[in-house]
Every structure is written in structure tokens, then in C-alpha cells.
Amino acid sequence: MAVRELKENVHSVGAIDWDRRQFDALIPLPNGTSYNAYLIRGSEKTALLDTVDPSKEHELLSNLKKLGVEQIDFVISHHAEQDHSGSIPKILEVHPNAKVVTNPKCKDMLIDHLSVPEDKFITVEDGETLSLGDKTLEFIYAPWVHWPETMISYLREDKILFTCDFLGSHFATSGTFVRNQPRTYDMAKRYYAEIMMPYRNKIQKHLEKIDEMDVEMIAPSHGPVYNNPKFILDAYKEWVSPDVKNEVIITYVTMHGSTRKMVEHLTSALVEKDLIVKVYDLTATDIGELAMDLVDAATIVIASPTVMVGPHPAALYAIYLTNLLRPKLRFATIIGSYGWGSRIVEQVKGLIPNLKVELIEPVVIKGYPKEEDLAALDRLADEIVEKHKSIDVMR
Ligand code: FEO
């Protein structure tokens, strides 16, 4: 990992994790990730902004060595999750005079998770500043992106906003700054969908606050740095807006082909009506892709066979995850086939309390779909089209 300069005396000193393929034993990382840490050297004091995942702590130490850093005065901790905080104990071991600067909530979490000694902390309030001599850091509380203690900081003289997880992307790239905008957009959208989407309303408020600031550069703790902040801020504004697109997501599982036949029929009917349809076989789905598509879609169709009167476990997982992610879906429905009996509709309804959706009449049938079942699916397609028209979806 190389040391990279953002501005004079502001360096990126974190690590790129090219090989990591999963985060939190949950989130797929098809393009790896990075743990960005930043070193700011003021005329009087030196601050390290966040650290790296403990698996990469040797790279952080080596980068600091390359820069000839003899003393770190402050370690700024924006977020207590271990991919950013996990190397704080090591930094404190190497730099015993360093203080950890954070908010009171994050302090408690760092004590809980990493046993950082209480006397190592300096706590800051929202809006408080820290002088490094010729550089000044301002701390801005930004809770719930994506934990309750998260905060961001602004380097006034250089107009750099350090946002930690917020506005980041799981994207291992050698570019310090965004090089490939469309690709970065996709990576950032995937990240938003998997991690930030449940906190859409809070994010809206943080974006409004950033709009009032004079920001030249946004430096997150994952993925490339934005030297065109408008690019990522505009993308976020679109994602958090209440608008949905003329898109239907169909997540399905099939055991003997009956539910697949229903999915194929409904998909054709919707495509012929010019809707955008995205179909996911849940036995082979990258949940990150699914989450990304949930950012904009107006409707989700949950297609599952019945296993012992309930949904197939693979469908249950997707339903549970969708409910957790709280996408701005407006409509949902259920289709599927059963062998002798089913309570799938009641069960699915009980699993999606977070989704503010209108449930369109499900089509749950016995056995292989017959003519009348296919006709019911045609009517379902018509109804989805009408529902989309009724809310004036974006195309
Ligand atoms: Fe990148 Fe919430 O940690």
C-alpha cells in the first residue's frame, strides 16, 4: 500500500484489501475494499483520522514510517466499527502520548469493543474544533451512518470533508481519486444499498448540512476520494429521494419448476408492458446486486414455493433482508405454488413490517400453473402497471 497525497500535509495512509470477499460475514465484496486512514500534519500537531482493519495494521504502520511520522498527537475516531477502529490499540502502543479524539458515544463503544483505556480519550461536542496549528478540524455529529455514534470531520483550511463510512464504497482501486465515474457510481450505490439505505431519512438531513458547507473534496474511509463532491452528493440525493422507478424486482425460488413457470409468465407479461423487470434466482443471487436494485424499484414480487406451509428458507432470507434494508418500495405481492396447503401469504405479511408497501392481491396456486392461473398472473401484471401509473413512477 502506498502513501498518497490529497493536499499538502494531508496523506492517505490506509490499506487496500484487494482480496476480501465478504464483510460482516454477510455482505459480498466482489471488488474488495479499502480501509482509508488519513494523516494530517499541522504546524504544531499531527492527527491520524481513523485507522484500518486489524488485518492490515502492518500496512498502516509501514505507511506512517514511510512518511517519517515520529509522533501522532491525536487519533480521530469517527466510528467504532473495527474496520476503522481496530488498529487504534496498536497506534496507542506505538505512540503512547497520542489521545483518541471522539464523541462520548463512540468513546464508550471503543472501550466496550477494544478496551481502549478511559484516560486516553478527549471527547468533543458537535461543532467543536481542534487546532493542529495551521490546520483546524471541525467535528460534526452525523449519527446513524450507519451506527449511532458516527461523526464526520471537516478540515477547514483545505476544505476536505472526512466522512468515514458515509458516502464510501467497497471498491479496491489504486486510484487515490475517482477515475472511472460510472464504475464508482455502481460501487457507491451497492454500498449505500447494503449499509446506508435503512437510514435514508437521517442521511437526507446530513446531506442538507453538507450542502451548506464549502467542500472541495470528500474523503471517505472506503473506496476512492471524491475531488468532485457534487458527483457523490447528487447520487445520494437521488437514492434517498422518495421517488421510485418503473421497475419490478422478482425474487424467486423453485423446487419442481411450478413457481419458475409462474415467474417466467409474469416476467413476460410485465416486459411486454414495457416495465423494467429484474429477476433473481435466490439460490444463486449476489445479495449486493439485489440490494442495489431495491434502491429504486417500485414493486417487489416474492415468488416462492411452499415448504411445510411457509415460504422456502431461501425466500425467507431474502424477505428478512429486504425488510431490514427498508427500501422505498411502494408495492409488494406474492406468487407461488404449493403441494397440498399453504399459509405463505399470512407468513410473508408478518415478515415485512418495515416495508411501507401496499400488498397487491397474491397469486398462490396448487400444483403446476393451469390456464386460469396464467390468466391470474396476466391480471396481476395489469394491476402492477396500473399501480405504477397511479403513483407516477419515474421512467
Ligand atoms: Fe466501514 Fe461501519 O465500518
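Q: Why is the contact between Lys230 and Asp234 called a salt bridge?
A: In this predicted model, the closest N and O atoms of Lys230 and Asp234 are 2.5 Å apart. A salt bridge requires a side-chain nitrogen of Lys or Arg within 4 Å of a carboxyl oxygen of Asp or Glu, so the pair qualifies. Both Lys230 and Asp234 lie in helix H7, four residues apart, which is about one turn of the helix. By the salt-bridge rule the count comes to 22.

Q: On what basis are the residues and atom pairs counted?
A: Residues are numbered from 1 along each chain as its sequence is written, and side-chain values use heavy atoms, with hydrogens and water left out. The model is predicted, and local features need pLDDT of at least 70, side-chain atom pairs count only at pLDDT 80 or more, while totals for chains, interfaces and linings use all residues.

Q: How do you know which domains the chain has, and how far apart are their centres?
A: The bounds come from an automatic or database domain assignment, which gives domain 1 (4–240) and domain 2 (248–386). The C-alpha centres of the two domains lie 39 Å apart. Their contact, meaning heavy atoms within 4.5 Å, takes 15 residues from domain 1 and 16 residues from domain 2.

Q: What is the buried area between domain 1 and domain 2?
A: Buried area is the accessible area (1.4 Å probe) that two parts lose on being put together, summed over both. Domain 1 and domain 2 bury about 1,300 Å² between them, 62% of it on carbon and sulfur atoms. In domain 1, Lys189, Arg190 and Met197 lose the most area to domain 2, together 38% of what that side buries.

Q: How do you know that salt bridges cross the interface of domain 1 and domain 2?
A: The rule finds three salt bridges there. Arg190 and Glu289 also meet in a salt bridge, with N to O at 3.1 Å. Helix H5 (181–196) and helix H7 each supply at least two residues of the side of domain 1 that touches domain 2. The largest share of that side, six residues, comes from H5.

Q: Why are E15 and E16 said to pair?
A: Two strands pair if DSSP finds at least two bridges between them. Leu161 stands opposite Ile218 in E16. These strands belong to an open sheet of five strands in the order E12-E13-E14-E15-E16, with mixed pairing.

Q: What makes E12 and E16 edge strands?
A: Strand E12 (129–131) and strand E16 (217–220) each pair on one side only.

Q: What sets the peptide bond from Val145 to His146 and the phi of Asp24 apart?
A: Most residues other than glycine have a negative phi, and most peptide bonds are trans. The bond from Val145 to His146 is cis, with omega near 15°. Asp24 is not a glycine, yet has a positive phi of about 55°. His146 is placed in the loop between strand E13 (136–141) and strand E14 (151–155), and Asp24 in the loop between strand E4 (22–23) and strand E5 (27–28).
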